[in-house]
Amino acid sequence: MAGPALRQLHAHRAIHDASLGGAEDHVADMKILLNKLEHKELAEEMQSFIEYVEQRILTHADSEEEDNGLYEEAVNKNPDLHDKVQHLTRDHDLMRIMIERMKEELAKDEVDFQKLIDYSVSIIIVDEIHSRDEESVLLAE
Ligand SMILES: [Fe+2]
Ligand SMILES: [Fe+2]
């Protein structure tokens, strides 16, 4: 992800909204497959959701946390933001933890698909709250 885009509110918000919208589309598809009891297709869709979140949401998170990235820069400019940046980093960690749990569940012989849907919805909720918070705390108009 290009550095400058992350430092502009409109560009950064557009990245958040695009990745969140794509994740929501995946979850909508997964709910339909769960209702139809299409477990083979559902497992494939779960795998594709995991890869999507890793590539679009967690890679974005990694770039914000990297050395000289958005978070470090924000705290260097304003040390009062230290705690807030820790909270934002914890949000990223929660999404990383939930993705790891999804991988573990998906690798089981008896997969609990409802549990996987619950994790995927939780990731979307955390990501939405996190994105709005990050925009208001770190990115000025
Ligand atoms: Fe973030
Ligand atoms: Fe972000």
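Reader: Why is glutamate 134 called buried?
Author: Buried means under 20% relative accessible area, exposed over 50% and partly exposed in between, with a 1.4 Å probe and protein chains only. Glutamate 134 has a relative accessible area of 0%, so it counts as buried. This is a predicted model, in which local features need pLDDT of at least 70 and side-chain atom pairs count only at pLDDT 80 or more, while totals for chains, interfaces and linings use all residues. Residues are numbered from 1 along each chain as its sequence is written, and side-chain values use heavy atoms, with hydrogens and water left out.

Reader: What makes arginine 132 and aspartate 17 a salt bridge?
Author: A salt bridge is a side-chain nitrogen of Lys or Arg within 4 Å of a carboxyl oxygen of Asp or Glu. In arginine 132 and aspartate 17 the closest N and O atoms are 2.7 Å apart, so the pair meets the rule. A helix here is a DSSP run of H or I with at least four residues, strands (E) need at least two, and both are numbered from the N terminus.

Reader: Why is arginine 132 called partly exposed?
Author: Its relative accessible area is 30%, so arginine 132 falls in the partly exposed class. Aspartate 17, at 37%, is also partly exposed.

Reader: How do you know that lysine 115 and glutamate 105 form a salt bridge?
Author: Their N to O distance is 3.6 Å, which is within the cut-off. Lysine 115 lies in helix H6 and glutamate 105 in helix H5 (residues 82-106), so this pair ties together parts that are ten residues apart in sequence. Glutamate 105 is buried because its relative accessibility is 4%, whereas lysine 115, at 33%, is partly exposed.

Reader: Which residues are linked with arginine 132 in a network of salt bridges?
Author: The network links Arg13, Asp17, Glu128, Arg132 and Glu135. Within it, glutamate 135 and arginine 132 meet at 3.0 Å, N to O.

Reader: What makes the link between glutamate 64 and histidine 92 a polar contact?
Author: A polar contact is a pair of N or O atoms within 3.5 Å; within protein, one must be able to donate a hydrogen and the other to accept it, and residues adjacent in sequence count only if both atoms are side-chain atoms. The side chains of glutamate 64 and histidine 92 are joined at 3.0 Å. Glutamate 64 has no salt bridge, and arginine 96, its nearest side chain of opposite charge, is 7.7 Å away.

Methods
Chains are lettered from A and ligands numbered from 1 in the order in which they are written. Lys and Arg count as positive and Asp and Glu as negative; His and the chain ends are not counted.
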